[in-house]
Amino acid sequence: GLVNTKEMFAKAIKGGYAIPAFNFNNMEQMQAIIKAAVETKSPVILQVSKGARQYANATLLRYMAQGAVEYAKELGCAHPEIVLHLDHGDTFETCKSCIDSGFSSVMIDGSHLPYEENVALTKKVVEYAHQFDVTVEGELGVLAGVEDEVSADHHTYTDPEEVIDFATRTGCDSLAISIGTSHGAYKFTPEQCHIDPVTGVMVPPPLAFEVLDAVMEKLPGFPIVLHGSSSVPQEEVETINKYGGALKAAIGIPEEWLRKAAKSAVCKINIDSDSRLAMTAAIRKTFVEKPAEFDPRKYLGPARDNMEKLYKHKILNVLGSDNKL
Ligand code: G3H
Ligand code: 13P
Ligand code: NA
Ligand code: ZN
């Protein structure tokens, strides 16, 4: 069956890699995630946002994730390690409903609340979740951009002085921190970036790795989570625009920075936007190149293949979670 994150994270921290946490909203994304994980022998976290539950129906997504375990076995993986995780849980009730219906892990995102309220809410979710062996991710610090339907115009980095108190009093199993990443495809504007003279690629302003270092010093060996970790592959952005899309200059987190993070106590890296770009690029290309096609399988199939390629690349070349089963 599904597993929680406990052993997975302990092994990832020891081994210097990170578990991929990929969001899914539909069957094609789920299939691509599982195929990529099986073929690379990687543990994986399937995560469901509040928006995904509204879009696809919570019950259907849950059965899809339970089916994913059987699917992985059918694909030849004898002992798949798959987590079904609630991404950005907003209330105790949302978390409880996921726990009651078979999720193996939940996030309670109280990061926008006053500190003491975040502690109280997270602690309440932990107390409930742990009765059922469900692991809990909490968050301290606020990412710029839209998070949990709350929009912030600047980053509030995690305060390393709070993390011991937060982890101890809440009993959470992992902690999401804010070090300058943000959600979505538009993480940085071109004006914020400089061009690397050697490679010619846009380099964003640095992440606050000193905050991560300070957190790790306060909580040695404690599982840290990075949200907003899409790299926004420029070839996908170009394909989308070439075939009729209208994306603005979109710049993400350089993969090199994620590789560095994955080697540290960061043991869960959240990626959603990159998969959306890969799916959209393949569909737009197919629509233009094969305008007479109207069988959804003819464009959702290439979209699925393109997402699988992306997920494998993340596992093999960025997170290093391959060959860990
Ligand atoms: O944290 C945000 C994730 O990318 C999920 O996005 O709320 O649009 O499903 P969503
Ligand atoms: P991206 O938008 O960078 O893919 O981040 C996803 C995320 O953090 C989901 O919780
Ligand atoms: Na790691
Ligand atoms: Zn997130």
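So, Arg 276: an N or O atom in its side chain sits 3.0 Å from an oxygen atom of ligand 1. That's a polar contact, meaning a pair of N or O atoms within 3.5 Å; within protein, one must be able to donate a hydrogen and the other to accept it, and residues adjacent in sequence count only if both atoms are side-chain atoms. On its own, ligand 1 has 300 Å² of accessible area, and the protein covers 67% of that. Those areas are Shrake-Rupley with a 1.4 Å probe, and for residues only the protein chains shown count as cover.

Quick housekeeping: this is a predicted model, so local features need pLDDT of at least 70 and side-chain atom pairs count only at pLDDT 80 or more, while totals for chains, interfaces and linings use all residues. Residues are numbered from 1 along each chain as its sequence is written, chains are lettered from A and ligands numbered from 1 in the order in which they are written, and side-chain values use heavy atoms, with hydrogens and water left out.

Back to ligand 1. Ser 49 puts a polar side-chain atom 2.5 Å from one of the ligand's oxygen atoms, and for the side chain of His 88 the distance is 3.2 Å. The residues around ligand 1, near here meaning a heavy atom within 4 Å, are Asn 23, Ser 49, Asp 87, His 88, His 183, Asp 272 and Arg 276.

Now ligand 2. It has 16 residues around it, and Asp 87, Lys 187, Ser 230, Asp 272 and Ser 273 come nearest. An oxygen atom of ligand 2 is 3.0 Å from an N or O atom in the His 183 side chain, and for His 88 that figure is 3.2 Å. Alone, ligand 2 exposes 310 Å², and the protein buries 96% of it.

On to the metals. Which residues hold the zinc ion, ligand 4? The protein donors are His 88 (NE2), His 183 (NE2) and His 227 (ND1), at 2.0 to 2.1 Å. Donors are N, O and S atoms within 2.8 Å of the metal, or 3.2 Å for Na, K and Ca; water is not among the atoms, so sites may look incomplete. Along the chain the zinc spacing reads H-x94-H-x43-H. His 88 is in strand β3 and His 227 in the loop between β11 (224-226) and α9 (234-242), a link across 139 residues. Helices (H or I, at least four residues) and strands (E, at least two) are DSSP runs, numbered from the N terminus.

Last one, the sodium ion, ligand 3: its donors are the O atoms of Tyr 17, Ala 262, Ser 264 and Val 266, at 2.3 to 2.5 Å. Tyr 17 lies in the loop between α1 (6-15) and β1 (19-23) and Val 266 in strand β12, so the pair ties together parts 249 residues apart in sequence.
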